[in-house]
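Visitor: Please take a close look at one strand and what surrounds it. Keep it brisk.

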Amino acid sequence: MAPIVVFVTGANRGLGLGLVKGFLAKPGHIVIAAVRDPAHSTAQTLTEVSTGEGSRIVVVKYEASVEQSAFDAVKEATGQDISHLDIVVANAGIAKLYPLVKDVKRAEIVEHIDVNVLSAVSLYQATRDLLQKSTGKPIFAIMGSGAGGVARQPPVPSAAYGASKSMINWYGVRINAEDEWLNAFVLDPGWVQTEMGNAAARGWGLEEAPDTLEKSTAGMVEILSTGTKEQYGGKFVLYSGKVQEW
(Lines give C-alpha, C1' and ligand atoms only; values in the text may rest on other atoms or scores of the structure.)
Protein backbone atom coordinates (compact mmCIF):
# COMPACT_ATOMS: atom_id res chain seq x y z
CA MET A 1 0.00 0.00 0.00
CA ALA A 2 1.34 3.42 -0.99
CA PRO A 3 2.23 5.75 1.90
CA ILE A 4 0.07 8.79 2.59
CA VAL A 5 2.17 11.82 1.71
CA VAL A 6 1.52 15.09 3.55
CA PHE A 7 3.10 18.45 2.67
CA VAL A 8 3.07 21.09 5.45
CA THR A 9 4.52 24.59 5.19
CA GLY A 10 5.78 26.49 8.23
CA ALA A 11 6.49 23.07 9.70
CA ASN A 12 9.07 23.80 12.39
CA ARG A 13 6.95 25.77 14.85
CA GLY A 14 3.43 26.32 16.17
CA LEU A 15 0.55 24.78 14.25
CA GLY A 16 2.81 23.45 11.52
CA LEU A 17 4.96 21.54 13.97
CA GLY A 18 1.85 20.20 15.70
CA LEU A 19 0.54 18.87 12.39
CA VAL A 20 3.91 17.31 11.55
CA LYS A 21 3.98 15.49 14.88
CA GLY A 22 0.38 14.35 14.51
CA PHE A 23 0.83 12.87 11.05
CA LEU A 24 4.23 11.32 11.78
CA ALA A 25 2.75 9.49 14.77
CA LYS A 26 0.53 7.60 12.36
CA PRO A 27 1.82 4.53 10.52
CA GLY A 28 2.54 4.67 6.80
CA HIS A 29 2.91 8.44 6.44
CA ILE A 30 5.57 10.55 4.76
CA VAL A 31 5.55 14.14 5.94
CA ILE A 32 7.27 16.79 3.84
CA ALA A 33 8.16 19.54 6.29
CA ALA A 34 8.69 22.80 4.39
CA VAL A 35 10.73 25.31 6.41
CA ARG A 36 12.40 28.63 5.70
CA ASP A 37 15.83 27.55 6.98
CA PRO A 38 16.54 23.79 7.09
CA ALA A 39 19.78 24.53 8.98
CA HIS A 40 17.97 26.24 11.87
CA SER A 41 17.90 24.33 15.15
CA THR A 42 14.10 24.06 15.09
CA ALA A 43 14.27 22.46 11.65
CA GLN A 44 17.14 20.17 12.59
CA THR A 45 15.16 18.67 15.47
CA LEU A 46 12.31 17.67 13.12
CA THR A 47 14.21 14.47 12.35
CA GLU A 48 13.92 13.55 16.04
CA VAL A 49 10.09 13.57 16.06
CA SER A 50 8.62 10.18 16.99
CA THR A 51 7.26 8.23 14.04
CA GLY A 52 4.71 5.49 13.54
CA GLU A 53 5.61 2.27 11.76
CA GLY A 54 6.76 2.98 8.21
CA SER A 55 6.54 6.75 8.59
CA ARG A 56 9.33 9.22 7.85
CA ILE A 57 10.01 12.92 7.41
CA VAL A 58 11.47 14.85 4.49
CA VAL A 59 12.65 18.42 5.17
CA VAL A 60 12.69 20.91 2.28
CA LYS A 61 13.48 24.60 2.01
CA TYR A 62 10.52 26.95 1.53
CA GLU A 63 10.18 30.73 1.77
CA ALA A 64 6.55 31.86 1.72
CA SER A 65 7.32 35.36 0.46
CA VAL A 66 9.10 34.06 -2.68
CA GLU A 67 6.84 32.90 -5.52
CA GLN A 68 9.32 30.40 -7.00
CA SER A 69 10.05 28.82 -3.62
CA ALA A 70 6.97 26.57 -3.63
CA PHE A 71 7.97 25.13 -7.00
CA ASP A 72 11.56 24.63 -5.82
CA ALA A 73 10.35 22.89 -2.65
CA VAL A 74 8.22 20.47 -4.67
CA LYS A 75 11.16 19.77 -6.97
CA GLU A 76 13.36 19.09 -3.94
CA ALA A 77 10.76 16.68 -2.58
CA THR A 78 10.44 14.78 -5.85
CA GLY A 79 14.22 14.37 -5.77
CA GLN A 80 13.73 12.43 -2.55
CA ASP A 81 11.43 9.76 -4.01
CA ILE A 82 8.16 11.68 -3.63
CA SER A 83 5.93 10.84 -6.60
CA HIS A 84 2.53 12.03 -5.34
CA LEU A 85 0.86 14.09 -2.64
CA ASP A 86 -2.30 13.25 -0.70
CA ILE A 87 -2.61 16.23 1.65
CA VAL A 88 -1.18 19.73 1.35
CA VAL A 89 -1.54 22.24 4.19
CA ALA A 90 -0.76 25.89 3.40
CA ASN A 91 0.10 26.83 6.97
CA ALA A 92 2.99 29.32 6.77
CA GLY A 93 1.96 32.85 7.63
CA ILE A 94 2.72 36.04 9.51
CA ALA A 95 0.92 38.29 11.98
CA LYS A 96 3.25 41.16 12.69
CA LEU A 97 0.91 43.83 14.06
CA TYR A 98 -2.74 44.57 14.84
CA PRO A 99 -3.54 48.16 13.83
CA LEU A 100 -6.85 49.94 13.43
CA VAL A 101 -7.84 50.67 9.83
CA LYS A 102 -7.16 54.37 10.43
CA ASP A 103 -3.57 53.58 11.37
CA VAL A 104 -2.51 50.70 9.11
CA LYS A 105 0.08 51.38 6.43
CA ARG A 106 -0.50 50.18 2.89
CA ALA A 107 2.85 48.38 2.91
CA GLU A 108 1.81 46.46 6.03
CA ILE A 109 -1.35 45.21 4.32
CA VAL A 110 0.60 44.23 1.20
CA GLU A 111 3.20 42.31 3.22
CA HIS A 112 0.54 40.25 4.98
CA ILE A 113 -1.27 39.52 1.71
CA ASP A 114 2.01 38.50 0.08
CA VAL A 115 2.85 35.93 2.76
CA ASN A 116 -0.61 34.84 3.94
CA VAL A 117 -2.46 34.79 0.61
CA LEU A 118 -0.20 34.74 -2.42
CA SER A 119 2.01 32.03 -0.91
CA ALA A 120 -1.02 29.72 -0.69
CA VAL A 121 -1.88 30.39 -4.33
CA SER A 122 1.67 29.55 -5.42
CA LEU A 123 1.68 26.45 -3.23
CA TYR A 124 -1.54 25.23 -4.83
CA GLN A 125 -0.10 25.79 -8.30
CA ALA A 126 3.15 24.03 -7.39
CA THR A 127 1.56 20.98 -5.76
CA ARG A 128 -1.46 20.51 -8.02
CA ASP A 129 0.11 17.99 -10.40
CA LEU A 130 1.32 15.76 -7.56
CA LEU A 131 -2.07 16.00 -5.83
CA GLN A 132 -3.67 14.70 -9.04
CA LYS A 133 -1.43 11.64 -8.79
CA SER A 134 -2.89 10.69 -5.40
CA THR A 135 -4.59 7.30 -5.42
CA GLY A 136 -6.99 8.50 -2.73
CA LYS A 137 -9.02 11.66 -2.38
CA PRO A 138 -6.51 14.50 -2.24
CA ILE A 139 -6.85 17.53 0.02
CA PHE A 140 -5.57 21.08 -0.29
CA ALA A 141 -6.19 22.86 3.02
CA ILE A 142 -5.47 26.49 3.81
CA MET A 143 -4.86 27.64 7.38
CA GLY A 144 -7.43 30.31 8.06
CA SER A 145 -8.35 32.35 11.10
CA GLY A 146 -11.42 33.63 12.86
CA ALA A 147 -9.74 37.04 12.55
CA GLY A 148 -10.69 36.93 8.87
CA GLY A 149 -14.39 36.55 9.55
CA VAL A 150 -16.86 38.82 7.79
CA ALA A 151 -20.27 37.87 9.12
CA ARG A 152 -18.66 37.06 12.47
CA GLN A 153 -15.77 39.51 12.41
CA PRO A 154 -14.23 39.74 15.89
CA PRO A 155 -14.33 43.20 17.53
CA VAL A 156 -10.56 43.65 17.58
CA PRO A 157 -8.12 45.70 15.45
CA SER A 158 -6.53 43.53 12.76
CA ALA A 159 -6.36 45.64 9.61
CA ALA A 160 -3.38 43.75 8.14
CA TYR A 161 -3.54 40.14 9.37
CA GLY A 162 -7.33 39.83 9.63
CA ALA A 163 -7.86 41.35 6.20
CA SER A 164 -5.38 38.92 4.61
CA LYS A 165 -7.11 35.95 6.24
CA SER A 166 -10.42 37.18 4.90
CA MET A 167 -8.96 37.26 1.39
CA ILE A 168 -7.60 33.71 1.61
CA ASN A 169 -11.12 32.42 2.21
CA TRP A 170 -12.03 33.38 -1.36
CA TYR A 171 -9.30 31.14 -2.73
CA GLY A 172 -10.35 28.21 -0.58
CA VAL A 173 -13.87 28.36 -2.03
CA ARG A 174 -12.67 28.99 -5.59
CA ILE A 175 -10.06 26.21 -5.74
CA ASN A 176 -12.62 23.71 -4.49
CA ALA A 177 -15.06 24.81 -7.20
CA GLU A 178 -12.53 24.73 -10.02
CA ASP A 179 -11.11 21.26 -9.29
CA GLU A 180 -13.90 18.73 -8.82
CA TRP A 181 -11.37 16.00 -8.01
CA LEU A 182 -9.82 18.01 -5.15
CA ASN A 183 -11.15 18.60 -1.64
CA ALA A 184 -10.11 22.18 -0.91
CA PHE A 185 -11.18 24.05 2.21
CA VAL A 186 -10.07 26.51 4.89
CA LEU A 187 -9.15 25.30 8.36
CA ASP A 188 -10.00 27.30 11.48
CA PRO A 189 -7.48 26.16 14.11
CA GLY A 190 -9.18 28.20 16.81
CA TRP A 191 -7.30 30.78 18.82
CA VAL A 192 -4.29 28.69 19.73
CA GLN A 193 -1.60 29.01 22.37
CA THR A 194 1.24 29.35 19.89
CA GLU A 195 3.80 32.15 19.90
CA MET A 196 1.71 34.00 17.32
CA GLY A 197 -1.60 33.29 19.02
CA ASN A 198 -0.43 34.37 22.46
CA ALA A 199 1.16 37.53 21.06
CA ALA A 200 -2.18 38.47 19.54
CA ALA A 201 -3.94 37.71 22.82
CA ARG A 202 -1.59 39.99 24.75
CA GLY A 203 -2.06 42.69 22.15
CA TRP A 204 -5.80 42.49 22.73
CA GLY A 205 -5.54 42.56 26.53
CA LEU A 206 -5.61 38.83 27.34
CA GLU A 207 -2.97 36.71 29.07
CA GLU A 208 -2.99 33.92 26.48
CA ALA A 209 -5.06 32.37 23.72
CA PRO A 210 -7.85 30.01 24.86
CA ASP A 211 -7.19 26.88 22.73
CA THR A 212 -4.33 24.46 23.40
CA LEU A 213 -2.01 23.48 20.58
CA GLU A 214 -2.52 19.78 21.26
CA LYS A 215 -6.31 19.96 21.03
CA SER A 216 -6.27 22.10 17.90
CA THR A 217 -3.73 20.08 15.93
CA ALA A 218 -5.21 16.71 16.95
CA GLY A 219 -8.58 17.88 15.64
CA MET A 220 -7.12 19.16 12.39
CA VAL A 221 -5.19 15.93 11.77
CA GLU A 222 -8.46 14.02 12.18
CA ILE A 223 -10.27 16.32 9.73
CA LEU A 224 -7.45 16.07 7.19
CA SER A 225 -7.32 12.29 7.55
CA THR A 226 -11.03 11.54 7.26
CA GLY A 227 -12.85 14.57 5.83
CA THR A 228 -14.58 14.36 2.46
CA LYS A 229 -15.30 16.95 -0.20
CA GLU A 230 -19.01 16.50 0.51
CA GLN A 231 -18.41 17.41 4.16
CA TYR A 232 -15.87 20.18 3.92
CA GLY A 233 -15.17 21.17 0.31
CA GLY A 234 -15.19 24.95 -0.09
CA LYS A 235 -16.03 25.50 3.57
CA PHE A 236 -14.52 27.01 6.71
CA VAL A 237 -13.91 24.15 9.13
CA LEU A 238 -13.16 24.50 12.84
CA TYR A 239 -10.68 22.02 14.32
CA SER A 240 -13.60 20.26 16.00
CA GLY A 241 -15.07 19.44 12.58
CA LYS A 242 -17.85 22.03 12.84
CA VAL A 243 -18.44 24.03 9.68
CA GLN A 244 -18.27 27.75 10.50
CA GLU A 245 -19.95 30.68 8.77
CA TRP A 246 -17.65 33.05 6.94
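Guide: Strand β1 (residues 4-9) pairs with β4 in the parallel sense, over three bridges. Strands here are DSSP runs of E, at least two residues, and helices are runs of H or I, at least four residues, numbered from the N terminus. Two strands pair if DSSP finds at least two bridges between them. Opposite Ile-87 in β4 stands Val-6.

The model is predicted, so local features need pLDDT of at least 70 and side-chain atom pairs count only at pLDDT 80 or more, while totals for chains, interfaces and linings use all residues. Residues are numbered from 1 along each chain as its sequence is written, and side-chain values use heavy atoms, without hydrogens and water.

β4 also pairs with strand β5 (residues 139-143), in the parallel sense over four bridges. There, Ala-90 has Ile-142 as its bridge partner. β4, α4 and β5 form a right-handed β-α-β unit: with the strands pointing away from the viewer, the path from the first strand over the helix to the second runs clockwise.

Now the faces of β4 (residues 87-90). In a regular strand, side chains alternate between the two faces of the sheet. Ile-87 and Val-89 on one side are buried, as are Val-88 and Ala-90 on the other. Buried means under 20% relative accessible area, with a 1.4 Å probe and protein chains only.

Next, the largest nonpolar core: buried Ala, Val, Leu, Ile, Met, Phe, Trp, Tyr and Cys residues joined through side-chain atoms within 4.5 Å. Of its 35 residues, Phe-7, Ile-32, Val-60, Leu-85 and Phe-140 touch the most other members. Helix α4 (residues 106-132) gives the largest share, eight residues.

Conventions: Buried means under 20% relative accessible area, exposed over 50%, partly exposed in between (1.4 Å probe, protein chains only).
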